[in-house]
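Please look at the sequence and the structure first.

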Amino acid sequence: MSEDRRREVAANLAAVRSRIAAACAAAGRDPGGVTLVAVTKTFPAADVRLLVELGVRDIGENRDQEFRPKVDACADLEVTWHFVGQLQRNKARSVASYVDVVHSVDRSALVDALSRGAVAAGRELVCLVEVALDHEPGRGGVPPGEAAAVADAVAAADGLRLGGVMAVAPLGTDPAVAFAQLARIADAVRARHPDASMISAGMSGDLEAAITHGATHVRVGTALLGGRPPVLR
Ligand SMILES: *Cc1c(COP(=O)(O)O)cnc(C)c1O
């Protein structure tokens, strides 16, 4: 690990932490109520190690193929691992074997697959219901009206614990409006499942709006590690 990279990431982390603190102060919230999940996709395991050395305890990734080797490479570290991307059913068993929190549960077929994987691995997975706040097909998330049903399915499934809800603000809209809607959905889920208190919302560009509207987990990549090359699939 070069000293330059260490200095760069340390400075980025300090800047993100102060943004979180300022947003919490403005909202009258305790900064201890907001967990920073560092999203390390496309960056090497050495950057995960560096973030952990700098005090980050929560790491997120969005693809099983990339995530699993990084978890193996960092097996000696105390980390809570978060899966934040769209999850295919045929990857659920693999993901359930090493991840701690899945932010992107958006259909009952996935609930069943994750449940079977968690039970087979003898683990408990915290699951968040991803809500689609726009109406673009193909992007992840359940329509707002179906969030409660998927939440009920998670809560009833062996090996899974309902953590709460997650969303990505739709492109080209005011994130504050989207996160206010997510907060109402989170309230409705919590009315049925009082322990489901997690709200995963906010990324590099909109974490302040998310914190204003109650985010307990912000998922930050670019502001910590720099720009990613475009993804080719
Ligand atoms: C990549 C990613 C992030 C981080 O986005 P940045 O804009 O780089 O902070 C957050 N959430 C999800 C679901 C992601 O895929």
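## Threonine 216

Threonine 216 touches Arg29, Gly33, Val34, Thr35, Ser197, Met198 and Ile199, not counting residues up to four places away in sequence; contact means heavy atoms within 4.5 Å. Threonine 216 sits in the loop that joins helix H8 (207-212) to S8. Helices (H or I, at least four residues) and strands (E, at least two) are DSSP runs, numbered from the N terminus. With a relative accessible area of 15%, threonine 216 is buried. Buried means under 20% relative accessible area, exposed over 50%, and partly exposed in between (1.4 Å probe, protein chains only).

## Basis of the model

The model is predicted: local features need pLDDT of at least 70 and side-chain atom pairs count only at pLDDT 80 or more, while totals for chains, interfaces and linings use all residues. Residues are numbered from 1 along each chain as its sequence is written, and side-chain values use heavy atoms, with hydrogens and water left out.

Leucine 128 belongs to strand S5 and is buried, with a relative accessible area of 0%. Leaving out residues up to four places away in sequence, leucine 128 touches Val101, Val102, His103, Ser104, Val105, Gly163, Gly164, Val165, Met166, Met198 and Ser200. Leucine 128 and methionine 198 are 70 residues apart along the chain, and their C-alpha atoms are separated by 7.7 Å.

Glycine 163 lies in strand S6 (residues 160-166). Its relative accessible area is 4%, so glycine 163 is buried. Apart from neighbours within four places in sequence, glycine 163 is in contact with Val126, Cys127, Leu128, Asp195, Ala196, Ser197 and Met198. A separation of 8.9 Å is found between the C-alpha atoms of glycine 163 and histidine 103, which are 60 residues apart along the chain.

## Two aspartates

Is aspartate 72 buried or exposed? Aspartate 72, in helix H3, is exposed, with a relative accessible area of 57%. Its C-alpha atom is separated by 25 Å from that of glycine 163, 91 residues apart along the chain.

Aspartate 134 is in the loop between strand S5 (125-130) and helix H6 (147-156). Aspartate 134 is buried, at a relative accessible area of 14%. Beyond its neighbours within four places in sequence, aspartate 134 is in contact with Arg139 and Pro170.

## Ligand surroundings

Around the ligand are Val39, Lys41, Val84, Met166, Met203, Ser204, Arg219, Val220, Gly221, Thr222 and Arg228, each with a heavy atom within 4 Å of the molecule.

Which side chains place a polar atom by an oxygen atom of the ligand? For lysine 41 the distance is 2.7 Å, for serine 204 it is 2.5 Å, and for arginine 228 it is 2.8 Å.

## The largest pocket

The largest pocket holds about 850 Å³ of space. Of its 33 lining residues, the closest to the centre are Lys41, Asn62, Val84, Gly85 and Gln86. Helix H3 (64-73) and strand S8 (217-220) are the elements that give two or more residues to the lining. The lining divides into 13 nonpolar, 10 polar and 10 charged residues. Ala, Val, Leu, Ile, Met, Phe, Trp, Tyr, Cys and Pro count as nonpolar, Asp, Glu, Lys and Arg as charged, and the others, Gly among them, as polar.

A pocket is an open set of points on a 1 Å grid over the protein atoms alone, where a 1.4 Å probe fits, with protein on both sides within 12 Å along at least five of seven lines; lining residues have an atom within 4 Å of a point. Points are joined across faces, edges and corners, and the volume is the space filled by probe spheres set on them.

Note on methods:
A polar contact is a pair of N or O atoms within 3.5 Å; within protein, one must be able to donate a hydrogen and the other to accept it, and residues adjacent in sequence count only if both atoms are side-chain atoms.
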